Amino acid sequence: TMNPKGNSSVFAQLKYSVDDGTRPFFCAVGAPPRNGSRYSGSAMQPVEVEVRNGRGLGLELDTHSFTMVEHPTQLSTEDFYQAQDKVRTVYYAEMEELLRRETGAAHVKVFHHQVRNAEKANGSVTTNLATTVQPYAEAIHSDSSGLSAQQMVKKMLATGQVDPSRYGKGRFLYVNTWRNISAHPIESNPLAVCDETSLSKPEDYIASDFLAGDATVVQYKLDCTNSSRHRWYYFPRMTKNEVILFKQWDSDSDKEGRICFHTAFQDPTTKEDARVRESIECRALCFFPEHTPDTMSHLAPGGEAAGPSGECDEVRRGVAGIEAAVESFAFWPPAGIMWAKSSVRSEAGVRSMAERLVRDEQGYFGTAAFSDDVRRRIVEVLLERGEFEGRVRREAGKHSYLDLITKSFPGVAFYVQLAVAVAAGYTLRACLAR
């Protein structure tokens, strides 16, 4: 049967990335080139995939990492272009109300928006990002990551943009709201969103650095290797009263949907005289202070290290960086997860794991250059807090050795299944012989 407002699916080319083993980066305007270049690594690879009509399928934010809801707005189409103050007051308040309703958050803070229209764009990623209207983003990506989302929340709590005494604990959610701002349904360049439950973690994820000004945001690109397994959706002919919610990061590691890859795409069924797409996306943080377990206390002021109040900045930064990495445990390589699982079997193993992470042999945490005394203190604070060991044990328990081995060595899966079948056959034969 055909879903409302369009075909059941379309086949379209989406721009994936190719993992060549190097870490990609992009230096936007205002950021100095890295090694003399503004872009490096991860070539684009167009792949034809099925993009399904998501209407009426019961797709949920906490499971699939996105959903679509109805929510009207007071603003006219022209307001979104001409009345930026109204967008930041009236529209932000509308989005905060929507997110409280849909997520149950105690507090919501919208902190950024972007209008997109290819014909009215007055800037781009290669010329100027800080403009009122941008073109479409036509490559698969996430806007953030666990590390960068936590750094942003930590800064907002430290500067008082969010009250740390009320919302510096529990859970936070970084989420986008995406709306058609035209009075007409969207006819071209719709948004495609990926069901996170169809992805293989961590091998599908390519960490990349987006540099703008003096800031660096860690994002993800999507590797093309497993593209045939990925489930993509869109919501054809979206009206102005419809809004897509999709996640950028969720601090609750028990949620199936925590981050949503997305991209604009060329719908091959688009008519030649189709109207240009006009849309707005808002970025927001949702806070759930009563949530358990507490996934945020280390981000609140004074929460970076629970040792003496005089801890040096290097110790605080080291502890925060390693705890943020553990928060993103599901995205570690399978070999790293297996190492962590074996390490947490004993207290000595947990200490050894902390010491190795603090040595920072791959340069992930910036602790390699610290003195031996500082590194030893980081290890002690990690172990004293208990957060480190608890998180590693909790996250490691979600992964079986068999799954990790077959992810590391896909060809092994057949032989494991064969061995199980043979063993079952011998067991059955022995039972029948009795």
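Me: Leaving aside its neighbours within four places in sequence, which residues is Thr73 in contact with?
Reply: Before the answer, some ground rules: this is a predicted model, where local features need pLDDT of at least 70 and side-chain atom pairs count only at pLDDT 80 or more, while totals for chains, interfaces and linings use all residues. Residues are numbered from 1 along each chain as its sequence is written, and side-chain values use heavy atoms, with hydrogens and water left out. Contact means heavy atoms within 4.5 Å. By that rule, and with those neighbours set aside, Thr73 is in contact with Phe80, Tyr91, Glu94, Arg179, Lys240 and Asn241.

Me: Is Thr73 buried or exposed?
Reply: Thr73 sits in the loop between strand E5 (66-70) and helix H2 (77-82); helices (H or I, at least four residues) and strands (E, at least two) are DSSP runs numbered from the N terminus. Buried means under 20% relative accessible area, exposed over 50%, and partly exposed in between, using a 1.4 Å probe and protein chains only. Thr73 has a relative accessible area of 16%, so the label is buried.

Me: Which residue's side chain has a polar contact with the side chain of Thr73?
Reply: A polar contact is a pair of N or O atoms within 3.5 Å; within protein, one must be able to donate a hydrogen and the other to accept it, and residues adjacent in sequence count only if both atoms are side-chain atoms. The Thr73 side chain also reaches a backbone atom, the nitrogen of Leu75, at 3.2 Å. From side chain to side chain, at 2.6 Å, the partner is Glu94.

Me: How far does the backbone oxygen of Arg277 lie from a polar atom of the Tyr136 side chain?
Reply: Tyr136 is in the loop between strand E7 (133-134) and H4, and it is buried, at 12% relative accessible area. The side chain of Tyr136 reaches the backbone nitrogen of Ala118 at 3.3 Å. For the backbone oxygen of Arg277, the distance to a polar atom of that side chain is 2.8 Å.

Me: How many salt bridges does a search of the whole structure find?
Reply: Side chains of opposite charge can pair when their charged atoms come close. A salt bridge here is a side-chain nitrogen of Lys or Arg within 4 Å of a carboxyl oxygen of Asp or Glu. Searching the whole structure gives a count of 23.

Me: How many residues apart are the salt-bridge partners Arg275 and Glu187?
Reply: Their closest N and O atoms are 3.1 Å apart. Arg275 lies in the loop between strand E14 (262-264) and strand E15 (279-288), and Glu187 in the loop between E8 and strand E9 (191-194), so the pair ties together parts whose separation in sequence is 88 residues.

Me: Which helix holds both Glu389 and Arg393?
Reply: Their side chains meet in a salt bridge at 2.9 Å, N to O. Glu389 is partly exposed at 27%, and Arg393 is too, at 36%. They are four residues apart, about one turn of the helix, and that helix is H10.

Me: Which element gives the most residues to the largest nonpolar core?
Reply: A nonpolar core is a set of buried Ala, Val, Leu, Ile, Met, Phe, Trp, Tyr and Cys residues joined through side-chain atoms within 4.5 Å. The largest has 34 residues, and Tyr16, Phe172, Trp232 and Phe261 have the most contacts inside it. Elements that give two or more residues include strand E1 (9-17) and helix H4 (146-158). With five residues, the top contributor is H4.
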